Amino acid sequence: MKTILNVIWLVLSGFWLFLGYLLAGALLCITVIGIPFGIAAFRIGVYALWPFGYTAVERRDAGAPSCIGNVLWLVLAGWWLALGHIATGIALCVTIIGIPLGIANFKLIPVSLLPMGREIVRTDQPFTAAGTTQTTQRSGW
């Protein structure tokens with residue numbers, strides 16, 4: 001089912017959103033200071049290209065630099081990309097078949113607004129790259 005949804009997503013909105021993230025990443029990589037933001041844009045662009053079967057989780061080890069980076073990201077590129085997700089999500093929700101795709105677009109808005117300090121992992125993968133489980137992060141064990 002994930003593959004079918006990903007293919008429909010790719011045709012209807014994923015490719016165009018991916019191009020938006022590539023453009024934002026290329027513009028941000030022009031300066032040395034913007035390279036980390038460009039890398040974040042490329043990472044989220046791949047997630048926006050093929051979103052079903054993946055999820056974004058918060059990294060608990062991200063500190064103050066990711067908070068400052070999120071503020072800069074929001075001003076430089078985040079709100080433009082979020083507007084793209086909102087417009088695409090509304091357009092997809094017009095049809096019954098597009099409703100799950102529109103909901104997926106709305107779920108990408110928080111990641112497009114504040115990407116620093118987040119990690120994209122497979123939904124069937126219980127561990128993040130940091131080596132802690134998602135349930136461990138929530139429960140505090």
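Student: What makes the span of H1 short of a straight helix?

Tutor: H1 has 27 residues, yet its end C-alpha atoms are only 32 Å apart. A straight helix at 1.5 Å a residue would reach 39 Å. That expected span is 1.5 Å times one less than the number of residues.

Student: Where does H1 bend, and by how much?

Tutor: The bend is at leucine 10, and it is about 65 degrees. A bend is the angle between axes fitted to the seven residues ending at a residue and the seven starting there.

Student: What kind of model is this, and how are its values taken?

Tutor: It is a predicted model: local features need pLDDT of at least 70, side-chain atom pairs count only at pLDDT 80 or more, and totals for chains, interfaces and linings use all residues. Residues are numbered from 1 along each chain as its sequence is written, and side-chain values use heavy atoms, leaving out hydrogens and water.

Student: How many helices and strands does the protein chain have?

Tutor: Six helices and two strands. Both are DSSP runs numbered from the N terminus: helices are H or I with at least four residues, strands E with at least two. The order from the N terminus is α-α-β-α-α-α-β-α.

Student: How do H1 and H3 lie relative to each other?

Tutor: H1 (residues 2-28) and H3 (residues 64-92) pack at about 170 degrees, with axes 11 Å apart. H1 is therefore roughly antiparallel to H3. The classes are: under 35 degrees roughly parallel, over 145 roughly antiparallel, 65 to 115 roughly perpendicular, the rest oblique. Axes are lines fitted to C-alpha atoms, for helices over the stretch in contact, and angles run from 0 to 180 degrees between N-to-C directions.

Student: Which residues of H1 and H3 meet?

Tutor: From H1, they include Leu12, Ser13, Leu17 and Tyr21. From H3, they include Trp73, Leu76, His85 and Thr88. The contact residues divide into 10 nonpolar, five polar and no charged. Nonpolar covers Ala, Val, Leu, Ile, Met, Phe, Trp, Tyr, Cys and Pro; charged covers Asp, Glu, Lys and Arg; the others, Gly among them, are polar.

Student: Why is serine 13 called buried?

Tutor: Its relative accessible area is 1%. Buried means under 20%, exposed over 50%, partly exposed in between (1.4 Å probe, protein chains only). At 1%, serine 13 is therefore buried. Beyond four places in sequence, serine 13 is in contact (heavy atoms within 4.5 Å) with Thr88, Leu92 and Asn105.

Student: How do you know that asparagine 6 is buried?

Tutor: The value for asparagine 6 is 2%, so it passes as buried. Leaving aside neighbours within four places, asparagine 6 contacts Trp50, Pro51 and Phe52.

Student: What makes phenylalanine 18 buried?

Tutor: Phenylalanine 18 has 17% relative accessibility, so it counts as buried. Alanine 48 is 30 residues away in sequence, but the C-alpha atoms are 6.0 Å apart. Outside four places in sequence, phenylalanine 18 touches Gly45, Val46 and Leu49.

Student: Which helices do the buried residues of H1 pack against?

Tutor: H2 (35-49), H3, H4 (99-107) and H5 (109-113).
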